[in-house]
Amino acid sequence: MRKLFISSFLFLISFTATAHPGIGIVKDSKGNIFYTDLANVWKISLDGNKSKVVSNVHTHELYIDEHDNLFGEHLWYNGESQNTWGHYVWCLKNSGELVKEINPTEEFLSNYSFIRDSSGNMYWVETFTISRIMKKTKAGVITKLVEGKFGFIGWLTCTKNSSLYFTENNKLHRLSPDGKSNSYRMETLADNISSKSTDFSMMGRNYDSYGIWTDAAGNVYLAMIDSKKVIRIGADGNTQTILTSNSLWTICSGIFDNNGNMWVLENSLSNEVRARKIGKEELAGNRKASNFTTKPHLFITIFTMAGIVLLFLGAKTILNKRKQKLLHFAI
Amino acid sequence: MLYILTFLLSWLSGMLVILITAFFSYDQFSMIDIVSFAMMTFAGFFILFLLIYLIVLKVINNKIAVSKQFIYFPVIFSLVANLPVYFLIWKNTGDLYGISEATLFTLGFLTSGIVFGSFWAWKNKIQKQTNRV
């Protein structure tokens, strides 16, 4: 707690504010991209036009079904006097009509999720001493897929064939149907996905990986929130850095469009949100993925060196003046 | 004036070592890290400078021969005068920061001590030469 407090203080004085960034970025059947900036939901059309489609909703996640109906939530805090939370789930129909899927309710969303497979089954994590990954069918039947003493479990993602991917501390796991009745098999795909960052950057968090998504080839992509990069974990467990964001923006999540381009959801130091397209040529490795465009670390190191030289020259000048003064006095 | 310059020179030298070491230690050394290290080392070194360095300097300045100051001053300031800081760094490791951050803090203060000691030894040498003339 103390560590968190001090880190938070340092964080505030550095004029930055990154709370709990959203990961909601989805595409519809036509290839339009939708993303959340935690206040509104935006649509980027195929022609590149950006428009607001849902206003004043604080949603971290989004889901779009096969009929292009867009789902999200609105979460709010009722103030310190009540110290309660409330939520509702909304749906933007493909006709453009905005309806409430779940009416305003106290507390957080439960037994409901925006992580769904092509059959409409929902998946979520219940984190406690013993953590569980749960499934709810379209008919409303809730089952437990796996339970155990896990470390910190990050966001989930689900492929069309009901394979779930999630991170637990520095490990990446896959939970997939084993073909026998309703049972699932869990396997660890990678066990060292952390990156080296300072405790000040981590700010008391016990995770580095954030948004998680997959491509058609079965590779898994992880947004590493501290090291500001995206890593790709192949089916063989090989980890590769494929993209880095500049120091002012942090990649939080991503998705592939119908043309194989990757769209990343990025948060800025001042809590702005943007969706950026990374061309498939860039991802294919034919040319180097965009690197840091600004390097404050490098600039500040150079300025520090210059400062030392100036201070040293200043001190030398003072000493020389004193020397001359003394000599002049002696003469 | 010279005291202020020495203070800034020593602190900046410590920061430079932290910044350079961080290039090899971390994947990403963000503005948050730089501000955190800068503020904590500045505040720590400021207190150390006022409470210990100036007193130690006053005590040892005339007791150690100028010819030996280039060895003794950096050693005394970087090891002996910095002892309270090293203790605090060690005590708070794992609580306020991790081992790698503690190592950087230690390297920073070690460098500041060496630079401070060397600077005053150099200054005394120049003064001695002037006095001789």
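Axes here are lines fitted to C-alpha atoms, for helices over the stretch in contact, and angles run from 0 to 180 degrees between N-to-C directions. With that in hand, take helix α2 (residues 31–60) of chain B and helix α5 (residues 99–132) of chain B: their axes come within 11 Å and cross at roughly 40°. That makes α2(B) oblique to α5(B), on a scale where angles under 35 degrees count as roughly parallel, over 145 as roughly antiparallel, 65 to 115 as roughly perpendicular and the rest as oblique.

This is a predicted model, in which local features need pLDDT of at least 70 and side-chain atom pairs count only at pLDDT 80 or more, while totals for chains, interfaces and linings use all residues. Residues are numbered from 1 along each chain as its sequence is written, and chains are lettered from A and ligands numbered from 1 in the order in which they are written.

**Confidence**

- The model scores ipTM 0.83 and pTM 0.66.
- Chain B has a mean pLDDT of 87, with 98% of its residues at 70 or more; pLDDT is the predictor's confidence in each residue, from 0 to 100.
- A word on reading such models: where pLDDT is low, the predicted coordinates should not be taken in detail.

**The two chains**

- Chain A comes to four helices and 23 strands, whereas chain B has five helices and zero strands. Both element types are DSSP runs numbered from the N terminus: helices are H or I with at least four residues, strands are E with at least two.
- Read from the N terminus, chain B goes α-α-α-α-α.
- Buried residues make up 28% of the 331 residues in chain A, and 41% of the 133 residues of chain B count as buried. A residue is buried if 20 or more other C-beta atoms lie within 10 Å of its own, exposed if 12 or fewer, and partly exposed in between, with C-beta atoms placed from the backbone.
- In chain B, 85% of the contacts between residues at least 6 apart in sequence join residues at least 24 apart. For chain A, residues 24 or more positions apart account for 40% of the contacts with a separation of 6 or more. A contact needs C-beta atoms, placed from the backbone, within 7 Å.

**Helix packing in chain B**

- α2(B) passes α5(B) in a right-handed crossing. Right-handed means that the near helix is turned clockwise from the far one by less than a right angle, and left-handed that it is turned anticlockwise.
- On the α2(B) side, that contact uses B:Phe37, B:Thr41, B:Phe45, B:Tyr53 and B:Leu57. The α5(B) side supplies B:Leu104, B:Phe105, B:Gly108, B:Ser112, B:Phe116 and B:Trp120.
- Helix α3 (residues 66–80) of chain B also meets α5(B), with axes that come within 7 Å and cross at roughly 160°. The two are therefore roughly antiparallel to each other, and their crossing is right-handed.
- Among the residues making the α3(B)–α5(B) contact are B:Phe70, B:Phe73 and B:Phe77 of α3(B), and B:Phe116, B:Trp120 and B:Ala121 of α5(B).

**Nonpolar cores**

- The largest nonpolar core has 51 residues, and A:Leu62 and A:Leu222 touch the most other members. A core of this kind is a set of buried Ala, Val, Leu, Ile, Met, Phe, Trp, Tyr and Cys residues joined through C-beta atoms within 7 Å.
- Strand β18 (residues 220–224) of chain A gives this core its largest share, five residues.
- A second, separate core of 34 residues includes B:Phe7, B:Phe109, B:Val115 and B:Phe119.
- Leaving aside neighbours within four places in sequence, A:Leu62 has contacts that include A:Val26, A:Phe34, A:Leu70 and A:Phe114.

**Residues to look at in chain A**

- A:Val26 sits in strand β1 (residues 25–27) of chain A and counts as buried, with 22 C-beta neighbours inside 10 Å. Not counting residues up to four places away, A:Val26 touches A:Phe34, A:Leu62, A:Tyr63, A:Ile64 and A:Ile255.
- A:Gly148, in strand β12 (residues 142–148) of chain A, counts as exposed, with 10 C-beta neighbours inside 10 Å. Beyond four places in sequence, A:Gly148 is in contact with A:Ile130 and A:Ser131.
- A:Asn83 has a positive phi, near 50°, in a residue other than glycine. A:Asn83 lies in the loop between β6 (70–77) and β7 (85–92) of chain A and is exposed, with 8 other C-beta atoms within 10 Å.
- A:Glu107 also has a positive phi, near 70°. A:Glu107 is found in the loop between β8 (98–106) and β9 (115–116) of chain A, and is exposed, with 9 other C-beta atoms within 10 Å.

Key
Contact = placed C-beta atoms within 7 Å.
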